[in-house]
Structures are given as structure tokens and as C-alpha cells.
Amino acid sequence: MLGSPEHAIGRLRMPEGVGVIEGSPNGQRRAVGIVVGRFNGEITSKLLDGAIAALEEAGVERDRIDIVPVPGAFELPLGAMALARTRKYSCVVALGCVIRGQTPHFDFVAGEAASGLQLAALETGIPVSFGVLTCDNREQAEARAGGALGNKGTEAARSALEMADVFGLLRSRAGQ
Ligand code: INI
């Protein structure tokens with residue numbers, strides 16, 4: 001995974017002798033819902049391309065991917081909640097791009113998108129990943145949408161599948 005230079009990107013080390021229940025981005029037999037914002041569509045289209053490529057690479061069949069476009073990042077939580085509530089999807093991937101303007105609008109949209117998406121996951125118990133770019137300008141967004149710093153859509157798709165997988169592992173351990 002690529003990170004900005006300020007991130008400490010080394011691997012997590014596990015202590016010995018403990019149980020580790022770790023999921024992997026395995027998409028076999030999974031249906032995945034994607035909610036994506038139309039706002040800043042040039043960028044969100046690239047996030048969507050990255051997410052679809054990652055899902056297919058992980059074994060999700062194309063006809064088991066459903067996409068719900070919404071007006072902007074503010075609407076992502078409602079879309080994600082609606083997808084999760086169908087119980088049809090193992091996980092939901094939320095994609096959007098918020099770029100800072102000259103007013104505090106950015107803070108409201110980005111903040112509501114983040115907390116609303118977390119709420120959708122916590123309320124439904126379906127993993128919802130956060131593939132929303134929150135950038136100061138278009139260059140930062142392009143670098144994270146298939147540019148020099150990778151693709152947040154790809155990362156979000158893999159994270160959602162990993163969480164769905166670990167939920168499966170936990171359920172099978174609990175004998176459900
Ligand atoms: N929506 C975005 O996804 N990105 C933005 O950068 C953005 N800005 O800057 O305004 C944005 N606004 C629209 C918002 O998400 C809602 O769609 C709109 O307010 C209607 O509810």
C-alpha cells in the first residue's frame with residue numbers, strides 16, 4: 001500500500017503465542033455494493049475504476065457488483081445504509097471526493113461523510129469502507145486516484161473485503 005511520505009508505512013508485527021484472527025481481501029462468492037458520488041466525477045470515476053479492478057482481482061464476479069451513484073459525498077452515508085440494509089452484500093464500498101473550497105462547506109461535507117459512513121457500518125453490522133478523498137486541491141486528489149500515491153478506491157475495496165472476511169472468520173469461530 002502506498003502512503004504519503006509522512007506516514008509510517010512499515011508492517012504491523014504480531015506478538016508470538018497469541019491468537020490472531022485476520023481477514024484477507026477474498027472476494028470469492030461475495031456480492032459487493034458500491035456507492036459513489038457524482039461530484040468531482042472525473043476523480044470519482046478513477047476511484048471507481050480502482051475499486052472495480054481490485055474487486056475483480058480478489059475474485060468478485062462482475063455481475064455481483066452493484067453501483068449506486070449519488071449526488072455527492074454528503075449523500076454517501078444514506079446510500080451506503082440503504083445498500084447495507086438489503087443484507088444482499090457482504091460489504092459496501094463508499095467512494096467520493098471532497099475538495100476544499102473557500103468556505104467551510106468542505107468541513108461539513110467531509111465530516112458528515114466520514115461519521116455517516118461509520119454509522120451505516122455500526123448500525124447494520126455490514127462493513128462499509130471509506131474511499132473518500134478529502135483534499136486541499138485537485139492535484140492532491142489526482143495523486144490519490146490512480147496517480148503517484150495509489151488509488152484510494154482500490155484500497156477501500158480491499159479493506160471492505162478484508163472486513164467481510166474477518167467477520168466470516170469470527171462467525172465460524174463462534175459456530176454461527
Ligand atoms: N460533494 C462532494 O462530493 N465533493 C465536494 O467537494 C463537494 N463540495 O465541495 O461542495 C460536494 N458538495 C455536494 C454535497 O456532497 C451534496 O451533494 C449537496 O450539498 C446536496 O446535499
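Axes here are lines fitted to C-alpha atoms, for helices over the stretch in contact, and angles run from 0 to 180 degrees between N-to-C directions. Helices (H or I, at least four residues) are DSSP runs numbered from the N terminus. The model is predicted: local features need pLDDT of at least 70, side-chain atom pairs count only at pLDDT 80 or more, and totals for chains, interfaces and linings use all residues. Residues are numbered from 1 along each chain as its sequence is written, and side-chain values use heavy atoms, with hydrogens and water left out.

**View A. Crossing of helices α1 and α5.** The axes of α1 (residues 41–57) and α5 (residues 152–173) come within 6 Å and cross at roughly 40 degrees. The crossing is right-handed (the near helix is turned clockwise from the far one by less than a right angle). Contact (heavy atoms within 4.5 Å) involves L47, G50, A51, A54, L55 and E57 of α1 and K152, G153, T154, A157, R158 and L161 of α5. By class, these are 6 nonpolar, 3 polar and 3 charged residues; Gly counts as polar.

**View B. Packing of helices α2 and α3.** Helix α2 (residues 76–85) and helix α3 (residues 105–124) have axes that come within 8 Å and cross at roughly 15 degrees. They are therefore roughly parallel to each other, and their crossing is right-handed. Residues in contact include L76, P77 and A80 of α2 and E112, A113 and G116 of α3. The contact divides into 8 nonpolar, 2 polar and 3 charged residues.

**View C. Surroundings of the ligand.** Residues near the ligand (a heavy atom within 4 Å) include F39, N40, P71, H105 and V109. Polar contacts are pairs of N or O atoms within 3.5 Å. A polar side-chain atom of E75 lies 2.4 Å from a ligand oxygen atom, and a backbone N or O atom of G72 lies 3.5 Å from an oxygen atom of the ligand. A polar backbone atom of C97 is 2.7 Å from a ligand nitrogen atom.

Terms used
Helices (H or I, at least four residues) and strands (E, at least two) are DSSP runs, numbered from the N terminus. Angles under 35 degrees count as roughly parallel, over 145 as roughly antiparallel, 65 to 115 as roughly perpendicular and the rest as oblique. A polar contact is a pair of N or O atoms within 3.5 Å; within protein, one must be able to donate a hydrogen and the other to accept it, and residues adjacent in sequence count only if both atoms are side-chain atoms.
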